[in-house]
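Please read this short briefing with the sequence and the 3D view side by side.

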Amino acid sequence: QVQLVESGGGLVQAGDSLRLSCAASGRTFSIYTMSWFRLAPGKEREFVAASWRGGTTYYTDSVKGRFTISRNNAKNTVFLQMNSLGPEDTAVYYCAASTGSVLDTGYDYWGQGTQVTVSS
């Protein structure tokens, strides 16, 4: 089993930045993909960014150029640097991990989520 714990959410103003962190524990050697999703009120869960072991990353179009996913494999941690935040980024952000090479589905483990609220 793998446990994921997110941190770093908060209330910010439009244009501000936030950095989310997700620390993995347990059978971390089995993790191949670590990603971020978000769930906004009244909307379906949305894929945000993925990071595969080896360094490849992928972003949903709405965050390209503003968000950066990075990973410290030695510390079993994945980060999401979010710049130029807007009200449309308000959501609960979830960290997810998979033992396989996946993109927006097929995750084995999920964190509890961290709230990001962006005021206009």
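R66 lies in the loop between β6 (57–59) and β7; strands here are DSSP runs of E with at least two residues, numbered from the N terminus. R66 is buried, with a relative accessible area of 16%, where buried means under 20%, exposed over 50% and partly exposed in between, for a 1.4 Å probe and protein chains only. This is a predicted model, in which local features need pLDDT of at least 70 and side-chain atom pairs count only at pLDDT 80 or more, while totals for chains, interfaces and linings use all residues. Residues are numbered from 1 along each chain as its sequence is written, and side-chain values use heavy atoms, with hydrogens and water left out.

**Around R66**
- The side chain of R66 reaches the backbone oxygen of S62 at 3.0 Å.
- Apart from its neighbours within four places in sequence, R66 is in contact (heavy atoms within 4.5 Å) with Q81, M82, N83, S84, L85, G86 and D89.

- β7 and β8 pair in the antiparallel sense over 6 bridges; two strands pair if DSSP finds at least two bridges between them.
- R71 has V78 in β8 as its bridge partner.
- The hairpin of β7 and β8 has 4 residues between the strands, and N76 takes a positive phi near 55° there.

- Strands of a sheet pair through backbone hydrogen bonds, either parallel or antiparallel.
- An open sheet is formed by 4 strands in the order β1-β3-β8-β7, with antiparallel pairing.
- β1 and β7 stand at the edges with a single partner strand each, so one side of each has no neighbour in the sheet.
- β1 and β3 pair in the antiparallel sense over 6 bridges, and Q3 has S25 in β3 as its bridge partner.

**Nonpolar cores**
- A nonpolar core is a set of buried Ala, Val, Leu, Ile, Met, Phe, Trp, Tyr and Cys residues joined through side-chain atoms within 4.5 Å.
- The largest such core has 28 residues, and L4, M34, W36, L80, M82 and Y93 have the most contacts inside it.
- Elements that give two or more residues to this core include β1 (2–7), β3 (18–26), β8 (77–82) and β9 (91–98).
- A second, separate core of 7 residues includes F47, A96, V102 and Y107.
- Leaving aside neighbours within four places in sequence, Y93 is in contact with residues including E6, W36, F67, L80 and M82.

**Around G111**
- G111 is found in the loop between β10 (109–110) and β11 (114–119), and G111 is buried, with a relative accessible area of 13%.
- G111 and C95 are 16 residues apart in sequence and 5.3 Å apart in space, C-alpha to C-alpha.
- Beyond its neighbours within four places in sequence, G111 is in contact with L4, E6, Y94 and C95.

**The whole chain**
- The protein chain has 0 helices and 11 strands.
- The radius of gyration, taken over C-alpha atoms, is 13 Å, close to the 14 Å that the globule rule gives for 120 residues, so the chain is as compact as a globular protein of that length; the rule is 2.2 Å times the number of residues to the power 0.38.
- Buried residues make up 47% of the 120 residues.

Note on methods:
A polar contact is a pair of N or O atoms within 3.5 Å; within protein, one must be able to donate a hydrogen and the other to accept it, and residues adjacent in sequence count only if both atoms are side-chain atoms.
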